[in-house]
Amino acid sequence: MANLIDRVKNILFTPKTEWPVIEAEANSIGGIYSGYVIPLALVFSAAMLLAFGVFGISMGPLSMKIGFGAALMQSIMMFVMMLLMVFVAAWIINALAPSFD
């Protein structure tokens, strides 16, 4: 997990030095998903579960707390959607990449 955190920090703060390091690595789709996409999606889903199930939702002056079961279902659905969104984004980027060399 520390390697993942360091990788995210390096991509955000020093991308010019980090992208050549990433390019030199040989990764498969499964390796990228298991090493990066799934852990990051799980962190977000867990935070969403905590926020909705424990603290509730606030929209301006209104706030409400949903049940734990509904919050769990929402976080699971968001986890699956994030995995699909990464796949679709990668597919689009791969399709457009030849036009940008």
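Where is S45 found? S45 is found in helix 3, helices being DSSP runs (H or I, at least four residues) numbered from the N terminus.

Before I go on, a word on what we are looking at: this is a predicted model, in which local features need pLDDT of at least 70 and side-chain atom pairs count only at pLDDT 80 or more, while totals for chains, interfaces and linings use all residues. Residues are numbered from 1 along each chain as its sequence is written, and side-chain values use heavy atoms, with hydrogens and water left out.

Let me stay with S45, which counts as buried because its relative accessibility is 6%; buried means under 20% relative accessible area and exposed over 50%, with partly exposed in between, using a 1.4 Å probe and protein chains only. A polar atom of the S45 side chain lies 3.4 Å from the backbone oxygen of S75, and leaving aside residues up to four places away in sequence, S45 touches S75, M78, F79 and M82, where contact means heavy atoms within 4.5 Å.

Turning to helix 3 as a whole, this helix covers residues 29-55 and bends by about 35° at V37, with a proline, P39, following within four residues; the bend is the angle between axes fitted to the seven residues ending at a residue and the seven starting there. Besides S45, the buried residues of helix 3 include Y33, V37, P39 and M48, and the helix is followed by G56, whose phi is positive, near 90°.

Now to the partner of helix 3. Two packed helices are described by the angle between their axes and the distance between the axes. The axes of helix 3 and helix 4, the latter being residues 68-96, come within 9 Å and cross at roughly 150°, which means that helix 3 is roughly antiparallel to helix 4. Here axes are lines fitted to C-alpha atoms over the stretch in contact, with angles running from 0 to 180 degrees between N-to-C directions, and angles over 145 degrees count as roughly antiparallel. Among the residues that meet across this pair are F44, L49 and F52 in helix 3, and L72, L83 and F87 in helix 4.

Finally, there is R7, which lies in helix 1, residues 2-13. R7 is buried, with a relative accessible area of 8%, and, again not counting residues up to four places away in sequence, R7 touches E18, V21, I22, E25 and Y36.

Conventions
Helix = DSSP H or I, 4+ residues; strand = E, 2+ residues; numbered from the N terminus. Polar contact = N/O pair within 3.5 Å; in protein donor to acceptor, adjacent residues only side chain to side chain. Parallel < 35°, antiparallel > 145°, perpendicular 65-115°, else oblique.
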